[in-house]
Amino acid sequence: MPGELPDVPHEERIASLEEESIRYRALVDSMNDGFGVIDKGGRLTYVNARWASMLGYEPNEMVGHSLVSFVDEKNRAILDDNVRKRTKGLPSQYELEWSSKNGKLVPTIVSGAPLVGENGLHMGSYAVITDITEIRHIEDALRENERFLSSVFSSIQDGINILDSDRMILRVNPTMEQWYAHAMPLVGKKCYEAHGGSAPCEKCPAAITLKTGKAASGIVPRRDASGKEIGWLDLHSFPLRDRETGEVTGIIGYVRDITDRRLAEEDLRESETRYRLLAEHVKDIIWITDLNLIMTFVTPSVEEHLGYTVSEIVGKSLEDIMTPESMLLAKRTLVEAMAAVPENLEYDSNVALRLELYHKNGRRIVMEVNRSFLRDDDGTPIGIIGVARNIAERIRAEDALRESEAKFRSIFESIPLGMHLLRLDEDGDLILSEVNPAGRHMFSMDDADFVGKKIKDVVPDPPGSEIISHLQNVIRNGSTWLTEDVIQENDEVKSAFQVTAFRALPEMMVVAYSDLTERRKAEEALKASEEKFRQMFEQSPIGIELFDADGYLVDANRAVFELWGVSSLDDLREFNLFDDPNLPSMLKEKIRRGESVRHEVDFDYGKVAEVGQYKTSRRGTAYLDVNIVPLGLKKDGSLVGYLSQILDITEKTEAIMALRESEEKYRMLVDSSLQGIAILQGDPFRLSFANPALANTFGYSVGELLNLQPSELEHIVHYEDRATIFQRFRDILEGRSTPDHFEARVTRKDGELLWFELTAGKVTYAGEPAVQAAFVDVTDRKKAEMNIRTANERSNLYLDILGHDITNQMQAILGGAALLRHTAGGPGVSEQLDQILESAEKCAKIITKVKITEDLMVVPLSPRLLDDVLRKTVETMTSKHKDVKFVSDIRATEATIQADKFLEHIFNNVIDNAIEKNPHDIKKVWINMSESGNGYEVNIEDNGPGISTRLKPKLFDTSRRFGGVGLHQAKHIVEKYGGRIEAYDRVPGQPGRGAGILMWFPKTTHRNQKLPSEMM
């Protein structure tokens, strides 16, 4: 008869089933995507290692738990909606974020499908879970590269259109133009006019987006020029917003042709009736009866709980296996449920019934049963589906005090399995306490041979078997141990048993033995496994191929047919893995050697057509992720064949290529920019990006600049500008208002002080908020401005000197000379001559001071030791002014600053001024130097009459001329060095007790040339 197995020897049929089971189990265990199966109640019954690892669990940590326990509230609604589709026999594909063990969300694409029996009844569902974390990152990166939208827009193979707020088409990509060639031109038309309509669609995603400001989607028919439906389109609309107001100004429409997918889904639904799920891993009993309570379906787990095989129990009435009391309860609830049907009331499946069923051996088994109606298309009940769970252990726990030793003894003595009872003594040894008759018969032993003895003294434990350690692990951890125990005598097998060990009480365990003739059950399990995994194989969205040991294609799923552009397996019958022109020779050799191979390939359909390997309807190139695993699981160690998994990564690859192109263009633009560009993140700030122009301007390499610690980065900025600049960066990150442009001083690696003009704004970099700043070097402009200002001040100074200082002295000289002429030979002549000589000397000194700094602004700066210059100046002044007491305290050493030959002139002028303005007979000058912030502070104080509070701020104002020539020259020199100079009271609050002059010079830490002290 059709569908029957060929008449082959029993051993060959078992071997074939084993190989098929190996293939399909290897398929699921080696999948790159997650895979899971749930029962009708929504609990996980199978989880592969890949899905468990996605969420940070082991498979056994997930199995048995409700599926909704792995999602948050937001994703639960999505999950519940799609699980309800399974009960209606509908598959679906959707995106879902799972909650991992560490609390993070894992974005995935879930491809789910229902599991149905041969009679079309819903038994649960399964799904393939694809991790799309990387795709999410790629999509985010593409959105950040809007400047390259045009090239991406044109290369995407799905349709894209841009609409304004009136749904007028502003732009479409080539794919849209190809699909709607009959409606060209599209630009300028309403979106529904392109679809052949005269009014907006009833549930238009664009209208929803315009109304809600949120993305929307929908599926609409695709029509040709005549209006005939020729396919289906999946429409997605996304809002375009005004950056400033946030208002929706238009829509981006994304259109995907899903005709092939819809046809595939229809084919899938038609093929579901050809397969039947045998849920061999389901521990509960799932059963179906007609309305007369006759069993029509039951899962193989019934044998574990009730002792019946599936074939023995199907066709029986519930009355045959249910106690009279439980049968009465079941019928009463059924009558109540049938009475509720005319009123459209649901059969309450949330209320569990506790029923007693007869085991095949006559024992009563207490089961907890949940049930509901099976209905036809009109909703009329046609049967009952129930899930029965063995609650014997729970009942034993509840009734432990009421159970009698006689009942236990009856079960123990009558059970056909050989059983040993073992207890754990205080020393941790297992003691053989009892054995049932079947056990005594199996081992031909009397109670005296083992009762009360330690198992290690009775049961031999050959090296490597570790029997005793396994048994101790069972009783300590409550685990179950299943093994085969072979008893040998004279090197020959005497008997073989299947041994099951489990803990019955905290300090008591049971070891049960059964004859291995039960192997017949394994044949049925293998058959069920083949049918189950065949359904998984056929419905997988990943292309899967099975090859024999010679490389010839044995089987392939529908996803492979779509990838290769064929309609059925017959089109690929002669396809050989080792003749594939798209598979490199090097990889073919690895596969022949039994190695696993995974590679990404640019699959050229033209090569397939060129060698005539098979006829394909596809053209061009696809990007595929291929994983080929040799299956070497035969008993003789030879290869069973090869498993190939193929994932179409064309969209992801093209997205990555577009992103790479975008990044390369952006990088080229930034790297070639003559303007310094930096990206700063964190607090304190660190450099996350710097272009070559910025690094070159700062005197570093890009790598050196990026490796600077936050504290080092802060010290690059001038001491006086540091707090302001970094606060503005913080204001930008916080969204507070800041100036469009601002200036700052920066110290190069070689110590040179530069001026920069900055523009900065907030950006997102590597997924985190950041400040992007553009630096324009305005040092030359600043120097020019300073030179002009200094030149003006010096011009005014010199004019003032000529008009005031020298004029006064010359008037004194002229007046003295005139007086001398009238008084020649008379009294006071000597005094007048002294006054003339003193005035002439002062004029000469003023001219010398002015002349000495004539080239001040053209002499370049270089590193000099401030402490060394100051010490030498004190020595010179001490030698020159014998009547002045100098007290110096120089605390900093190797104090390097950027200066020139006029550094000594500053200190000479200030000290001279302190001495000249001091009328006291005992003159005293204090010179102190110490480190201050990012520079050095020099204080020169005297014990003179001091400076009034009113004059201190004006002392260095060249337009007011309260200070002498020397002080104004000192001001010009200090400012050239990037420092500052100011006056203060030597004794705070006592302006008449001497004055102090404070000078501050910025540090330089890099010395590119020898200092004067180093050249000596």
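Predicted model: local features only at pLDDT ≥ 70, side-chain atom pairs only at ≥ 80, totals over all residues.

Trainee: Now the ring pairs. How are the planes of phenylalanine 698 and phenylalanine 756 arranged?

Mentor: A search of the whole structure turns up 18 aromatic pairs. In this one, the ring centres are 5.4 Å apart and the planes sit at 70°. Planes over 60 degrees apart get their own label, so the pair of phenylalanine 698 and phenylalanine 756 is edge-to-face.

Trainee: Which parts of the chain does the pair of phenylalanine 698 and phenylalanine 775 tie together?

Mentor: Here the centres are 6.0 Å apart with planes at 80°, so this pair is edge-to-face. Phenylalanine 698 belongs to helix α25, and the parts tied together are 77 residues apart in sequence. Phenylalanine 775 supplies the other end, so the pair joins helix α25 to strand β30 (residues 768-777).

Trainee: And is phenylalanine 775 buried or exposed?

Mentor: Its relative accessible area is 12%. The cut-off for buried is under 20%, so phenylalanine 775 is buried.

Trainee: Moving to threonine 299, which side chain does its own side chain make a polar contact with?

Mentor: Threonine 299 sits in the loop between β12 (295-298) and α11 (301-306). With a relative accessible area of 2%, threonine 299 is buried. Its side chain makes a polar contact at 2.9 Å, and the partner is the side chain of serine 301.

Notes:
Residues numbered from 1 in each chain as written. Heavy atoms only, no water. Helix = DSSP H or I, 4+ residues; strand = E, 2+ residues; numbered from the N terminus. Buried < 20%, exposed > 50% of the residue type's maximum accessible area, 1.4 Å probe, protein only. Polar contact = N/O pair within 3.5 Å; in protein donor to acceptor, adjacent residues only side chain to side chain. Phe/Tyr/Trp six-rings, centres within 6.5 Å; stacked < 30°, edge-to-face > 60°.
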